[in-house]
Amino acid sequence: MAIVKRLVTDKAVVIFSKSSCCICYSIKTLICSFGANPTVYELDEHPDGQLIERELKGLGCKPCAPVVFIGQELIGGSNEIMSLHLKGKLVPMLIKERAIWL
């Protein structure tokens, strides 16, 4: 878990993604639509992508992309992000972590 922990440290929003995944694209677009500028790691393009995938799976992330961390906290994948958004809780989380300002 050392690589994932290092990659999310001191970042408001981190998305682990795959460049060819349409669901990943949708989650990145959603978060960016609020004005956030997430750090995105494309697992299929990252030199340690396979190792990162194993660490994410070890954290219980299945599938391993997309996976979103907000304020160094594992939020989850697309289902969790969409659920938070539909409940009106995603934007307050982004504001709390200073990923966006309103």
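How many nonpolar, polar and charged residues are in the lining of the largest pocket? That lining has 5 nonpolar, 5 polar and 2 charged residues, where Ala, Val, Leu, Ile, Met, Phe, Trp, Tyr, Cys and Pro count as nonpolar, Asp, Glu, Lys and Arg as charged, and the others, Gly among them, as polar. The structure here is a predicted model, so to speak of a local feature a pLDDT of at least 70 is needed, side-chain atom pairs count only at pLDDT 80 or more, and totals for chains, interfaces and linings use all residues. Residues are numbered from 1 along each chain as its sequence is written, and side-chain values use heavy atoms, with hydrogens and water left out.

Back to the pocket. A pocket is searched for on a 1 Å grid over the protein atoms alone, with a 1.4 Å probe: it is an open set of points with protein on both sides within 12 Å along at least five of seven lines, and its lining residues have an atom within 4 Å of a point. The largest pocket holds about 170 Å³ of space, a volume being the space filled by probe spheres set on the points, which are joined across faces, edges and corners. Its lining is made of G60, C61, K62, P63, A65, P66, V67, G76, G77, S78, N79 and E80. Helix α4 (residues 78–86) provides the largest share, 3 residues; helices (H or I, at least four residues) and strands (E, at least two) are DSSP runs, numbered from the N terminus.

K62 and P63 are joined by a cis peptide bond, with omega about 0 degrees, and another cis bond, with omega about -5 degrees, links A65 to P66. P63 sits in the loop between α3 and β3, and P66 is found in the loop between α3 and β3 too. Most peptide bonds are trans, and most residues other than glycine have a negative phi. On the phi side, D10, in the loop between α1 and β1, has a positive value near 60 degrees. R98, in the segment after α5 (90–96), has a positive phi of about 60 degrees. D10 is exposed at 73% relative accessible area, and R98 is exposed at 64% (exposed means over 50%, buried under 20%, partly exposed in between, with a 1.4 Å probe and protein chains only).

What about the inside? L56 touches V4, F16, L43, C61, C64, V67 and F69, leaving out residues up to four places away in sequence; contact means heavy atoms within 4.5 Å. In soluble globular proteins, nonpolar side chains tend to be buried together.

Not counting residues up to four places away in sequence, K28 touches I15, S17, V40 and E42.
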